Amino acid sequence: MRLVFVGPPGAGKGTQAKVICDKYRIPQISTGDMLREAKAAGTLDPELVKTMAAGGLVPDAAVIDLIRKRTEKDDAKSGFLLDGFPRTVPQAEALGKLLADRGQKLNVVVALDVGKELLMERACLRRTDRKTGQIYHLKYKPPPPDADLEHRADDKEDVVRNRVDTYEKMTSDLLPFYEKVGLLERVDGVGEVTDVTRRVLAALEKRK
Ligand code: AP5
């Protein structure tokens, strides 16, 4: 199974990706996580650090290269879930070409739909455990007392607003692109995490 999760900041892509990847035994490949890891290691171009901190998109070439290298690894040979990539039509076209060159194709693109105000609350109150990578929410999924919590630099309210605006501009082209090629499944991302998972699984079952 090769699938893509598209959705605005805080839509629940990372939360749902962990459940789906466990079930299908495929790796979760998140360009956001890879960029943050490179930043933490001090290997990310300072210009890209600034772009991320302001809530903008890093250049297509940078993320396409990350995806090309990561999807070549052994654990991704029989499938993967791309979380947060592609975000633009040039990224989608590059992904299509990269897979076609390997005789592969995508099964489905899942778009998680969540309204703007709920996105703000979800992203601003998110906390992640530095050691385990577990995603928590101060209201909906409170962390245990011993968690080593991190508040993402781009989860401040004004930056989240920029990220949501950037997403809206980006999807005005990306979602029609995937709809046209018959790969798009829209899923309501509002409700309990388990209810959203059920909807995502129903969408995937149709495309297996
Ligand atoms: P990235 O890390 O991909 O961030 P994002 O797309 O903005 O998504 P988030 O990680 O904010 O949200 P999510 O949908 O995963 O939500 P989560 O499950 O954590 O990208 C960061 C930056 O990197 C970008 O801004 C850009 O600069 C750069 N970048 C990355 N990819 C790029 C690309 N392809 N091209 C160019 N630039 C790129 O959930 C959020 C919170 O809500 C959590 O606290 C969770 O516990 C809670 N929650 C989740 N589901 C529910 C639910 N059903 N009910 C209640 N709470 C819930």
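Modeller: Buried means under 20% relative accessible area, exposed over 50%, and partly exposed in between (1.4 Å probe, protein chains only). This is a predicted model, where local features need pLDDT of at least 70, side-chain atom pairs count only at pLDDT 80 or more, and totals for chains, interfaces and linings use all residues. Residues are numbered from 1 along each chain as its sequence is written, and side-chain values use heavy atoms, leaving out hydrogens and water.

Biologist: Why is tyrosine 178 called buried?

Modeller: Tyrosine 178 has 3% relative accessibility, so it counts as buried.

Biologist: What makes phenylalanine 177 partly exposed?

Modeller: Phenylalanine 177 has 23% relative accessibility, so it falls in the partly exposed class.

Biologist: Why is the pair of phenylalanine 177 and tyrosine 178 called edge-to-face?

Modeller: Rings of Phe, Tyr and Trp (its six-membered ring) pair if their centres lie within 6.5 Å; planes under 30 degrees apart are stacked, over 60 edge-to-face, the rest tilted. By that rule the count is one aromatic pair. The ring centres of phenylalanine 177 and tyrosine 178 are 5.2 Å apart and the planes are at 80°, so the pair is edge-to-face.

Biologist: What is the place of glutamine 16?

Modeller: Glutamine 16 sits in helix 1, residues 13-24. Helices here (H or I, at least four residues) are DSSP runs, numbered from the N terminus.

Biologist: Is glutamine 16 buried or exposed?

Modeller: Glutamine 16 has 3% relative accessibility, so it is buried. A polar atom of its side chain lies 3.2 Å from the backbone oxygen of valine 193. That is a polar contact: a pair of N or O atoms within 3.5 Å; within protein, one must be able to donate a hydrogen and the other to accept it, and residues adjacent in sequence count only if both atoms are side-chain atoms.

Biologist: How many residues surround the ligand?

Modeller: The number is 33, with Thr15, Gly56, Arg87, Arg126 and Arg163 the closest. A residue is near if one of its heavy atoms lies within 4 Å.

Biologist: What distances separate ligand oxygen atoms from backbone atoms of glycine 14, glycine 56 and tyrosine 136?

Modeller: For glycine 14, a backbone N or O atom is 2.9 Å away. For glycine 56, a polar backbone atom is 2.5 Å away. For tyrosine 136, the value is 2.7 Å.

Notes
Helix = DSSP H or I, 4+ residues; strand = E, 2+ residues; numbered from the N terminus.
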